[in-house]
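Subject: Structure handover

Hello,

Here is the structure for you to look over. My notes follow below it.

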Amino acid sequence: VQLWLRMHLLRLALVCLGLGAANAYSGGFWSKGRRHALRPAGSTSPRALAPRPLRMAQEEPMSLTEKGRNLGEKLKGVSIFLVGMMGSGKTTAGEIFARSLGSYSFLDSDGIIEKLQQRTVAQIFEEDGEGVFRELESKVLSELKAYVRVVVSTGGGAVISDANWGHLQSGIVVFLDVPAQALADRVAQSEEQLSSRPLLAGEDGGDPSEKISTILEQRRSKYEQADITVTLDGSEPLDDCATRIIDAIENYLSTNPPKWKQWQERARGEGLNV
């Protein structure tokens, strides 16, 4: 299938599954180009393309809900891109984080590719090679950068491409930094987990923890280009991970205010009533 046909199918899938562009975002909060709001969708599949319903789970602590709602208002629609290694919690903790924001939808870039291709990531690697997958990944991110009020879990290797970093700059990039051994323990919990990670499921039968350590060190300099780094030890409950993400973004916003807020504070300092 030619690349242009793939992209045509991707755009068609986005529209049909609830990701059609709606009202253009015209706010001044870190505006880096034309963006659009997502329409809500009702899919509940763990790897669903459509944004999932953002109902608060009863078991979530109120402190997380309150913090998330407050942050959601401050973000003014700016999207959040989660980067990090496989097993770092981008999808599991990321979905809880998105739900806490209230008005945000959660998307998984690997899940979108799987829906588009009707194959798993591992199958794409095996049948077409990593190069084809990375090409698809980049095209998906180039589409998602146009939307607001989304939390996007990116693939572990998305940071390899400089072009992808350009796409991620449409929002705030958060690196979930988890030790290699904790990552290895997570993906080694089952054969299914291991086989779904194509870079670990090689035929050489090597130690997954050694592979993860090597990959992490190769990518670390790329991950650390993120706006925010959230350091985790891998033992935290998912709600605590989501809370840590919220706190880190709150701190980032307080130390990196948007241009309009800087101008407003400067004007008030000069005695202007704004």
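How many of the 6 residues of E7 are buried? 6 of the 6 are, so E7 is largely enclosed by the rest of the structure. Buried here means under 20% relative accessible area, with exposed over 50% and partly exposed in between (1.4 Å probe, protein chains only).

Some ground rules before the rest. This is a predicted model, with residues numbered from 1 along each chain as its sequence is written. Local features need pLDDT of at least 70, side-chain atom pairs count only at pLDDT 80 or more, totals for chains, interfaces and linings use all residues, and side-chain values use heavy atoms, leaving out hydrogens and water.

Overall

The protein has 12 helices and 8 strands. Helices (H or I, at least four residues) and strands (E, at least two) are DSSP runs, numbered from the N terminus. Of the 274 residues in the protein, 49% are buried. Take the contacts between residues at least 6 apart in sequence: 75% of them join residues at least 24 apart. A contact means heavy atoms within 4.5 Å.

The sheet

5 strands make an open sheet with parallel pairing, in the order E4-E6-E3-E7-E8. Two strands pair if DSSP finds at least two bridges between them. E4 (105-108) and E8 (228-231) stand at the edges. Each has a single partner strand, so one side of each is left without a neighbour in the sheet. On average, neighbouring strands are turned by 20° against each other, direction ignored. Helix H11 (residues 238-255) packs on this sheet and touches E3, E7 and E8. The direction of H11 makes about 145° with that of E8. Axes are lines fitted to C-alpha atoms, for helices over the stretch in contact, and angles run from 0 to 180 degrees between N-to-C directions.

Back to E7, residues 172-177. Both faces of this strand are covered. Ile 172, Val 174 and Leu 176 are buried on one side, and Val 173, Phe 175 and Asp 177 on the other. E7 pairs with E3 (residues 80-83) in the parallel sense over 4 bridges. The bridge partner of Val 83 in E7 is Phe 175. Towards E8 there are 4 bridges, again parallel. There, Leu 176 stands opposite Val 230.

Aromatic pairs

Rings of Phe, Tyr and Trp (its six-membered ring) pair if their centres lie within 6.5 Å; planes under 30 degrees apart count as stacked, over 60 as edge-to-face and the rest as tilted. By this rule there are 2 aromatic pairs. Phe 125 and Phe 133 form a tilted one, at 5.1 Å centre to centre with 45° between the planes. Both of these Phe residues are buried. Phe 175 and Tyr 223 form a stacked one, at 4.9 Å centre to centre with 15° between the planes. Phe 175 lies in E7 and Tyr 223 in helix H10 (residues 208-223), so this pair ties together parts that are 48 residues apart in sequence. Relative accessible area is 1% for Phe 175, which is buried. Tyr 223 is at 0% and also counts as buried.

Helices

H5 (residues 121-128) and H6 (residues 130-144) pack at an angle of about 130°, with their axes 7 Å apart. The two helices are therefore oblique to each other. Angles under 35 degrees count as roughly parallel, over 145 as roughly antiparallel, 65 to 115 as roughly perpendicular and the rest as oblique. On the H5 side, Val 121, Ile 124, Phe 125 and Asp 128 make the contact. On the H6 side, Glu 130, Val 132, Phe 133 and Arg 134 do.

H3 (residues 92-101) has 8 of its 10 residues buried, so this helix is largely enclosed by the rest of the structure. Among the buried ones are Ile 96, Phe 97, Arg 99 and Leu 101. Gly 102 follows H3 and has a positive phi, near 90°.

At 16% relative accessibility, Lys 211 counts as buried. Lys 211 and Ala 184 are 27 residues apart in sequence, and 8.9 Å apart in space, C-alpha to C-alpha.

Best wishes
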